[in-house]
Amino acid sequence: MGHWIEISPTQGKLVFGRRAWMWAIPFLLLVIPTGLTGLPGEPPMILGWALAATFSWHLLCVRHSIAIDKNRGVLIHSLSSLYPIARLEVPLDEISGFYVSRAAFERRRYSVMMSLSNGQRICLVKRGVRQEAERQGQYLADFCQRPLKDEVREGFG
Amino acid sequence: MSIQTDYSSLSKGARWHLKAGVEGRYYLIGSSQVTWIIIGLIALVSGLSSAFMAIVLSGAEQVIYTVVTFLLWPFIILALGRRHHFVFDRHQGQLLHRKSWWGLFVKELPGPPLSELKVVVAPIAELSEGCQLEVLKQRFTVGSLEQTRQLALFLHRYFKVQAVDRVTEWPEERPLVLPVTEPEAVMAIAVGKDNKGPSVLPVTYRGVWERYIVLKLVWPFPLFVILGVLSMLIGNRGG
């Protein structure tokens, strides 16, 4: 899932969904020919076509990444799909560490969380496999030189 | 200020876990009791419905439901009666494991001395908000950081346990100390008068997943609906 790219010693990036565009191919094979030949004049058909087209747009264009820029001293978590969807920018000084925890109310799903010096906790990666989450957390923690803690508790769930 | 008034100034979440027993014996409810009560309540719902069925139905169905009712009810009574308390005993200076069943068959096992007991104010790792108190591997979800700190300070003041804070300098632990020696300080924390504490967040960040992502994901949809209508019009003209 998450792929770590080290651009330079001061810039690193964790990129997600790099192969999402492959899933767009079957949708595009359906959407483009039907759109070009003309859709039948039924509202459900048009809405369905628009839904499939939106879906393929996102599969093709979505960019999800967690970038660390030591020159600017920030961690940028961004989600975009040609247009920006959500973006979070946190100064590296305020990050006290990263940890892997059990996803709330879900079995066998783990999240990568970030802890800030003001006591805030922010979820970076949701619902992953445990090893995957630990690996992603390790990349981020190593590059930022912050601790990675295991906060997974055994018990319920 | 007495222990009772300080106790009543604790938050509701704190008083849910820390109960005031007879003769000033304060105790925390163990997680095994909570588990058994939850199981018991689930069994109670099925027990009540099967009892109801045993009354209203007749014939073979009545027999089945009567058998189920008679099997379930002893279990419900067993499960709901289970008590497991961590008693803070000031006189003996010890934590006691007090186990009983509906207040009967009381068994008190000695735990660690209170001076060696560590209560930790810890973050709830799974959630982005909220704090819990960790005592002997048991976790008590109290509420906000201040409420949890208040409970830890209360235990530290009256039972001389070691109160530790793992939130403000996570992942390091540091001792939680009373900011001012007056007991009013504890009250001040409770009502949020103390502005110097670490609870004041200078900047609050909002995680990517906490925003309305789905609303933004549907932005291209109207555009494609218009395109779809255009495609239909052009296609119909051509055909």
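Which residues have the most contacts inside the largest nonpolar core? They are Val119(B), Leu133(B), Leu151(B), Ala152(B), Leu155(B) and Ala163(B), in a core of 28 residues. The model is a predicted one, in which local features need pLDDT of at least 70 and side-chain atom pairs count only at pLDDT 80 or more, while totals for chains, interfaces and linings use all residues. Residues are numbered from 1 along each chain as its sequence is written, and chains are lettered from A and ligands numbered from 1 in the order in which they are written.

**Nonpolar cores**
- A nonpolar core is a set of buried Ala, Val, Leu, Ile, Met, Phe, Trp, Tyr and Cys residues joined through C-beta atoms within 7 Å, and a residue is buried if 20 or more other C-beta atoms, placed from the backbone, lie within 10 Å of its own.

**Strand E6 of chain B**
- Strand E6 (residues 118–123) of chain B has Val119(B), Val121(B) and Pro123(B) on its covered face, and Lys118(B), Val120(B) and Ala122(B) on its uncovered one.
- E6(B) runs parallel to strand E9 (residues 162–165) of chain B, joined by four bridges, and Lys118(B) stands opposite Gln162(B) in E9(B); strands pair if DSSP finds at least two bridges between them.
- With strand E7 (residues 131–135) of chain B, E6(B) runs antiparallel through five bridges, and Pro123(B) has Cys131(B) as its bridge partner there.

**Sheet of chain A**
- An open sheet of four strands in chain A has the order E8-E7-E6-E9, with mixed pairing, and its edge strands are E8 (121–128) and E9 (148–150), each of which pairs on one side only.
- Strand E6 (residues 95–102) of chain A pairs with E9(A) in the parallel sense over three bridges, and Phe98(A) has Leu148(A) as its bridge partner in E9(A).

**Contact between the chains**
- In chain B, 38 residues are in contact with 41 residues of chain A, contact meaning that C-beta atoms, placed from the backbone, lie within 7 Å.
- Helix H8 (220–238) of chain B is one of the elements that supply at least two residues of this side, and H8(B) gives the most, with 13 residues.

How values were computed
Contact = placed C-beta atoms within 7 Å. Buried ≥ 20, exposed ≤ 12 C-beta atoms within 10 Å, placed from the backbone.
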